[in-house]
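Below are some numbered remarks on how the chains of this model meet and how the copies are related. Please read them alongside the coordinates.

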Amino acid sequence: MINKSIEKAVGKIAEVPLNLVKQLYPFKKKTRASNKLGLPPGSIIYVGEKKVDKVKITLTEYDEANVETCEIKSVDEIDPFTDTPQVTWVSVCGLHETEFLMQIGERFKVHPLVLEDILNTETRPKIEITDDYLFIVMKLITYNAEHKILESEQVSFILGKSFVFSFMERNDEIFNPIKERIKNQLGKVRKKGSDYLLYVLMDVVVDQFFLALEKVDERIELLDDEVLNAPEKSQVEKIYNLKNLLLMLRRSAAPMREIVNQLIKDDSDLIDDSTEPYLRDLYDHTIHISESIELQREITTGLMETYLSMMSNKMNEVMKVLTVIATIFIPLTFIVGIYGMNFPNMPEMGWSWAYFAVWGVMIGVVIAMIFYFRKKDWF
Amino acid sequence: MINKSIEKAVGKIAEVPLNLVKQLYPFKKKTRASNKLGLPPGSIIYVGEKKVDKVKITLTEYDEANVETCEIKSVDEIDPFTDTPQVTWVSVCGLHETEFLMQIGERFKVHPLVLEDILNTETRPKIEITDDYLFIVMKLITYNAEHKILESEQVSFILGKSFVFSFMERNDEIFNPIKERIKNQLGKVRKKGSDYLLYVLMDVVVDQFFLALEKVDERIELLDDEVLNAPEKSQVEKIYNLKNLLLMLRRSAAPMREIVNQLIKDDSDLIDDSTEPYLRDLYDHTIHISESIELQREITTGLMETYLSMMSNKMNEVMKVLTVIATIFIPLTFIVGIYGMNFPNMPEMGWSWAYFAVWGVMIGVVIAMIFYFRKKDWF
Amino acid sequence: MINKSIEKAVGKIAEVPLNLVKQLYPFKKKTRASNKLGLPPGSIIYVGEKKVDKVKITLTEYDEANVETCEIKSVDEIDPFTDTPQVTWVSVCGLHETEFLMQIGERFKVHPLVLEDILNTETRPKIEITDDYLFIVMKLITYNAEHKILESEQVSFILGKSFVFSFMERNDEIFNPIKERIKNQLGKVRKKGSDYLLYVLMDVVVDQFFLALEKVDERIELLDDEVLNAPEKSQVEKIYNLKNLLLMLRRSAAPMREIVNQLIKDDSDLIDDSTEPYLRDLYDHTIHISESIELQREITTGLMETYLSMMSNKMNEVMKVLTVIATIFIPLTFIVGIYGMNFPNMPEMGWSWAYFAVWGVMIGVVIAMIFYFRKKDWF
Amino acid sequence: MINKSIEKAVGKIAEVPLNLVKQLYPFKKKTRASNKLGLPPGSIIYVGEKKVDKVKITLTEYDEANVETCEIKSVDEIDPFTDTPQVTWVSVCGLHETEFLMQIGERFKVHPLVLEDILNTETRPKIEITDDYLFIVMKLITYNAEHKILESEQVSFILGKSFVFSFMERNDEIFNPIKERIKNQLGKVRKKGSDYLLYVLMDVVVDQFFLALEKVDERIELLDDEVLNAPEKSQVEKIYNLKNLLLMLRRSAAPMREIVNQLIKDDSDLIDDSTEPYLRDLYDHTIHISESIELQREITTGLMETYLSMMSNKMNEVMKVLTVIATIFIPLTFIVGIYGMNFPNMPEMGWSWAYFAVWGVMIGVVIAMIFYFRKKDWF
Amino acid sequence: MINKSIEKAVGKIAEVPLNLVKQLYPFKKKTRASNKLGLPPGSIIYVGEKKVDKVKITLTEYDEANVETCEIKSVDEIDPFTDTPQVTWVSVCGLHETEFLMQIGERFKVHPLVLEDILNTETRPKIEITDDYLFIVMKLITYNAEHKILESEQVSFILGKSFVFSFMERNDEIFNPIKERIKNQLGKVRKKGSDYLLYVLMDVVVDQFFLALEKVDERIELLDDEVLNAPEKSQVEKIYNLKNLLLMLRRSAAPMREIVNQLIKDDSDLIDDSTEPYLRDLYDHTIHISESIELQREITTGLMETYLSMMSNKMNEVMKVLTVIATIFIPLTFIVGIYGMNFPNMPEMGWSWAYFAVWGVMIGVVIAMIFYFRKKDWF
């Protein structure tokens with residue numbers, strides 16, 4: 001009964017990692033290699049799928065006293081906000097319109113390889129530090145509660161003296177709490193510069209990772225219970241998928257550590273000293289994530305081992321039943337076979353109590369066998 | 001008989017790691033991610049369970065000549081003790097009243113992220129060194145002799161020029177021996193500064209780890225005996241849980257090494273040179289703990305392997321019994337079957353000694369079989 | 001049905017890695033050791049197979065304004081192009097005519113060990129930096145779409161102040177897009193120096209690696225589906241070959257990382273500062289490749305494990321069928337055996353309903369058995 | 001026959017590692033944690049067992065010209081030998097009388113933590129370098145030829161300007177050859193200072209390790225032969241114990257490497273330059289030991305794997321016998337069963353040659369079966 | 001047929017690694033530990049077996065213009081060649097006459113520990129750099145084509161300003177090609193100094209390693225084919241031995257890398273700058289060897305895994321045959337058993353077509369079974 005309900009629960013979540021695995025699988029159809037082969041380096045082409053219908057660009061400018069938010073269509077609309085001392089945050093959601101990006105590249109003197117990396121959603125998470133700006137690529141893992149799947153997308157940030165650009169494929173609602181905080185002057189974000197804004201944005205990406213790991217953890221616990229209570233054929237596939245999922249997550253998580261570490265180490269003018277404790281805190285979180293994934297991987301490895309033992313124990317069980325039944329009845333069948341023989345001069349045939357004696361012998365054999373199996377601790 | 005008593009003994013301790021595993025499981029209900037998502041960094045919220053009824057704050061002030069101990073309720077009561085040359089130790093047990101912590105943060109100019117880390121009981125063990133204070137987070141693993149379980153909690157220390165703050169969730173009785181030593185002028189603690197007090201407190205946390213490992217060791221030995229003497233189905237789960245327990249312990253123990261190492265390396269003014277030999281000793285202990293956990297993990301891995309071999313050997317045993325029985329009786333059953341046939345003109349039926357000849361043949365077959373199995377070393 | 005089509009698809013690609021494995025197998029017939037043993041170091045002998053009929057040497061000279069391309073036969077034809085400020089690219093395809101190489105060695109003062117390495121196709125990928133030139137050996141993995149196999153060959157580059165030599169065994173068509181770009185002034189290559197040309201050539205080699213990994217990935221996915229849906233005897237060999245293939249690919253890919261890293265670190269005059277961002281990008285790609293191979297290896301390891309579990313589960317299935325059948329029929333056979341005995345005074349023989357009673361007992365036994373197996377969840 | 005004798009030989013040595021394992025097991029009854037909990041750091045308490053009846057203290061003073069040896073009872077007797085230019089070696093065997101140690105601590109100004117480490121026989125091997133003295137803790141593994149067991153004990157050295165203290169729990173006869181050499185002026189020891197004496201003493205400890213590894217090696221070879229020639233149930237436990245033994249040995253050996261390395265690196269005044277080549281030689285030996293243990297561990301791991309394969313092959317054998325017997329006789333039993341049926345109108349019953357025909361069919365079936373099994377290579 | 005021939009081929013080479021393993025086994029009878037225990041450090045005793053009858057010492061002196069070669073008997077004969085600007089190479093083959101070595105030690109002021117290392121054939125490969133000379137110990141692995149075994153021996157070199165000493169246990173014919181080249185002025189060796197001669201000698205040792213690995217590789221390929229085509233019981237031992245062989249080879253090969261690296265890094269006056277490119281080339285070769293051994297180890301590990309799967313698949317096969325046969329015939333035997341019962345009033349007995357109906361039922365059962373097994377894909 002209990003097993004049944006576990007089964008059901010796992011059944012539902014079971015699709016989660018499967019889907020993610022499929023999505024995160026390396027070198028899928030639209031990767032760099034096949035699409036961009038032969039093009040000169042720095043070619044600005046979006047290699048991902050179109051994940052939102054319309055590109056949405058939101059501009060927020062604020063300092064301690066004022067906030068202004070507006071949706072914009074073209075780069076020209078940014079002009080009035082540049083060269084002001086206030087912090088300007090341009091949030092781009094949807095990457096399939098490359099025009100806008102190229103204009104930004106020109107106007108803000110961003111290297112073409114940076115633009116290429118923003119659009120190439122297969123880019124390995126990285127950080128590029130130049131004198132004028134700082135470029136960061138991260139992977140955002142979000143849990144889609146509706147479809148019960150984990151989704152992976154690429155998020156890039158460009159930090160300048162008084163502006164932050166953020167680029168993502170979809171799901172820009174994860175930044176809504178920050179927009180709220182800016183609007184309502186919650187926390188310190190309004191009192192601090194663009195570097196602190198970058199920290200806050202990265203912190204959100206990292207926090208989403210914790211949420212995703214929590215989901216993975218739930219799944220491990222379910223599988224754990226399932227394997228220990230009702231080991232079953234179908235669990236191999238689930239554990240295998242879980243392992244692959246964790247490989248994918250590690251691939252996305254591991255470089256984040258280096259990125260934040262380099263942010264701390266580099267004494268770029270773009271990062272204020274007062275932001276450093278926050279970055280160190282962020283760094284601790286990225287280590288925490290890496291260690292958690294490693295821990296989950298080791299638990300999953302142990303789970304596979306345990307599954308194999310459980311299955312092998314079940315097999316033992318089956319063999320024991322066969323052996324007990326066969327070992328008890330094969331000798332008996334032999335005994336009754338003897339007196340099924342048609343020899344005319346079998347002395348036993350003449351004794352009137354012979355039939356009952358045979359029964360006695362057979363019952364004796366059974367008792368001896370049971371005694372023997374008991375001693376061997378077989379049942 | 002022996003196995004039975006081992007069984008019983010292990011049965012009791014068996015719950016230990018299980019409970020700990022459940023308790024230490026990463027990303028459980030009340031973790032950072034789900035509770036604090038969307039809050040600005042530095043939010044002071046206690047994420048653990050309320051583990052003691054009332055927060056208990058004990059203040060101890062001492063120098064070589066005098067000691068004074070009192071229980072306090074508010075931060076104001078600390079005021080007379082600050083700015084004195086004596087060492088002041090404020091020990092806080094219970095973290096669910098955040099008010100007190102926030103007052104301390106203000107009065108002693110502690111960074112909000114430090115306060116956040118004290119309350120977030122999921123914080124990874126760490127050390128933060130600033131000009132004014134030194135902040136350490138450690139995991140305390142205590143063995144609860146009553147419930148026979150291992151308990152994990154977070155302990156934080158803030159070391160200033162002449163004061164030490166210690167924060168823990170419960171179990172502050174582990175510091176009682178130190179209080180005794182201060183009161184009765186045992187050891188060197190009264191002759192030395194706040195840095196030596198910090199060392200003594202950390203030493204207690206590390207010592208508790210040794211005790212916990214001793215308990216784990218007892219359990220490994222029991223399982224070891226059990227697996228080698230009476231391999232059984234239920235041991236898979238025990239070994240699996242033990243492995244996970246050791247993963248959790250490693251997670252808590254590993255960062256301690258870096259923490260103590262950084263304490264030694266950093267030439268902060270807060271740490272006196274004469275305390276360094278003690279810290280180096282502490283460092284050796286943390287290495288000892290890490291190595292012991294690694295050793296226990298390797299032994300457990302070997303135990304799993306051994307368990308699998310033992311079970312597979314048991315299976316071999318079962319198969320051999322089946323094979324011996326079947327191989328002896330199947331041919332015999334065939335022979336008696338022959339003479340159960342009803343053909344009218346079976347020559348053997350005419351011979352008066354035929355029945356006995358059949359018996360002779362059958363006994364011959366049995367002897368040959370037994371001889372064959374002996375040669376094969378099967379029994 | 002589905003399995004059948006998977007089978008077919010895998011069947012085709014299955015040869016791919018097998019062939020590659022055979023080709024990449026270390027220390028094959030024509031390696032350094034057996035061929036060159038006893039020769040003094042620096043002996044210029046081609047150890048590979050003759051892979052193209054005729055050596056083809058193409059010379060391209062260009063600057064921003066002009067391009068000139070011609071096929072040449074001897075080193076003398078290069079003379080007019082040396083010592084000009086334009087970039088000269090000499091592409092040699094086919095290495096079995098060592099004469100030409102020796103002349104280049106003399107004229108451009110290249111160390112004999114460099115010439116030896118160009119011809120010894122077993123050379124480990126490496127970089128040599130001298131004051132006058134920079135020498136790079138890489139492995140090129142190309143996917144031969146016609147024969148559906150992966151091919152490995154050695155590519156070497158010599159970079160001088162205003163020239164680049166490229167040496168390869170065959171397949172020089174992979175550089176055709178670059179020739180196109182130079183001719184048609186696409187991308188930046190015409191505006192930049194010989195170092196940028198070297199980068200572009202290395203980038204092509206790295207891109208081919210991505211393509212190869214994509215093919216491997218397709219194969220892993222096919223095997224993955226196959227193993228999870230229709231585990232079969234023949235898959236062991238496929239997984240084993242895949243593992244070996246990945247070992248070979250890693251061997252070729254791993255040193256590339258160091259090579260590009262050293263190119264970036266070394267402040268040789270031959271590499272212009274403006275080329276560095278491109279090399280850093282290339283470096284990221286080499287890390288990406290290494291990590292992908294590592295990922296694929298871990299997935300393959302998991303696949304093997306999963307295969308073993310699947311096969312063991314199939315075995316369980318078989319055993320269960322045997323056990324169910326045997327356990328049901330062996331007791332029945334015993335029962336019918338009893339009434340096959342010829343004792344004259346078996347009371348049951350006298351009861352007219354005895355035959356039907358026996359049937360009743362037997363049906364009862366079967367029902368009980370089925371009930372028992374159901375409870376044990378066996379079918 | 002051969003197996004029998006192997007068995008016997010292994011049987012004898014088999015106890016060796018078992019005993020050692022028990023003895024070396026971490027965190028045993030008398031460890032630091034349980035005994036010393038709550039005591040202030042630097043408490044001087046002996047935590048080991050009393051391994052010799054009486055503490056024996058031998059003092060040897062020598063220079064190139066003279067030697068003097070005497071047994072002493074109290075620290076006062078050392079006084080006349082201190083502050084002389086000759087080398088003084090005080091060898092203490094037996095640690096349960098802590099009085100003497102405390103007096104030495106006072107007189108030679110040794111840090112209390114050093115004294116604590118000498119007595120705490122669970123101390124991790126370590127080196128402490130101060131301006132006045134150099135403190136080394138090592139593990140001595142000796143082979144007790146009488147009981148055929150390996151014994152582990154702790155050896156500590158204190159090196160001063162012109163004196164060496166050596167502390168051990170028992171077995172001080174391993175230093176006898178050195179005493180001989182000093183007495184008879186063999187080797188260079190008389191011509192050199194206290195640092196060379198320290199080297200010679202450490203060299204003896206390291207040499208004992210080689211002897212212990214030789215014994216382990218003999219055991220591996222025996223087990224090796226045994227597993228390959230006569231795989232057996234009981235070998236699991238032996239391999240498991242061997243693995244644990246090697247884990248223990250590694251734990252004792254690994255830190256020696258760092259210790260000697262630090263001795264070489266540190267430019268303490270206590271170590272003369274001319275001693276360095278000897279220390280480098282010692283360092284090579286410690287690496288040799290570490291590598292040998294690692295090698296033995298890998299061989300043991302391979303042995304376990306091989307054992308499992310051997311057992312699984314044996315199982316295969318058993319299954320084949322069962323299958324061959326069952327597969328041959330089950331169809332035959334069916335055939336004879338047919339003609340045991342009592343139907344009145346079985347046409348075969350009327351044929352006089354039917355019985356012999358049945359025999360013919362059965363022999364045919366057997367031949368076909370044997371042919372089939374031969375083809376399958378089953379016997 | 002094919003399997004048979006593979007079998008034969010492997011059979012022959014199979015002895016190779018076995019022999020090597022036995023020979024290379026660590027801590028064998030004549031090791032340092034047992035032979036030299038108790039002797040003062042620097043004792044000059046040969047610990048290996050006497051591998052050649054007579055010690056053969058060849059002296060070669062050359063510069064660009066002249067060569068002179070002679071066999072010598074005593075150290076005195078070297079005198080006229082020392083202190084000349086020409087390069088003097090003294091090649092010693094056979095180490096059991098220690099007298100000669102001691103004289104060299106005295107005359108050339110070689111440290112006694114160096115002499116000890118030359119004679120102790122268990123020395124770990126190492127390099128010692130002093131102001132006056134450079135001492136190198138390497139392991140030479142040669143393939144003995146006659147006995148088809150790999151042989152391991154120790155080679156040591158001492159490089160001075162204008163001389164090179166080489167010491168080996170036997171097999172000095174591997175240096176013959178160099179003697180030829182010196183004599184016939186082939187290559188650069190006559191134009192260069194003693195450091196280049198050392199490089200050439202070391203290059204020969206490294207080249208022999210490549211040859212040995214080629215042999216191992218052939219063996220892996222043979223085993224590979226064998227395991228994939230005809231998995232068999234005896235292969236466990238072969239793979240196990242191969243693994244141990246590779247462990248031994250790694251032990252000999254790994255330190256070579258450090259040795260060559262230190263040669264390059266150290267700016268000793270004894271090594272000319274122009275020799276450095278050659279040493280870097282040698283370094284690449286040592287990395288190549290290490291990586292090849294690692295690769296071979298991973299392939300062997302995969303092979304073991306594959307072997308296990310193959311054997312387990314064979315077992316599956318066996319079980320399936322048993323199950324199919326038993327599952328088909330056990331029910332049939334039951335059916336015929338029914339009509340062997342002797343109940344007087346079995347209605348079926350009265351029906352004239354009953355016997356044929358029973359046959360019909362039985363044929364139906366068989367067809368159903370076969371259909372079922374087909375569906376299950378069992379044959």
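1. In this predicted model, a salt bridge (a side-chain nitrogen of Lys or Arg within 4 Å of a carboxyl oxygen of Asp or Glu) joins the side chains of D:Arg280 and E:Glu128, with an N to O distance of 3.0 Å. Between chain E and chain D the count is 7 salt bridges.

2. The elements that each give two or more residues to the side of chain E that touches chain D include β4 (126-129), α7 (235-265) and α8 (276-338) of chain E, where helices (H or I, at least four residues) and strands (E, at least two) are DSSP runs numbered from the N terminus. Of these elements, α8(E) gives the most, with 17 residues.

3. The contact, meaning heavy atoms within 4.5 Å, takes 64 residues from chain E and 70 residues from chain D. About 6,000 Å² is buried between the two chains, 63% of it given by carbon and sulfur atoms; buried area is the accessible area (1.4 Å probe) that two parts lose on being put together, summed over both.

4. On conventions, residues are numbered from 1 along each chain as its sequence is written, while chains are lettered from A and ligands numbered from 1 in the order in which they are written. Because the model is predicted, local features need pLDDT of at least 70 and side-chain atom pairs count only at pLDDT 80 or more, whereas totals for chains, interfaces and linings use all residues; side-chain values use heavy atoms, with hydrogens and water left out.
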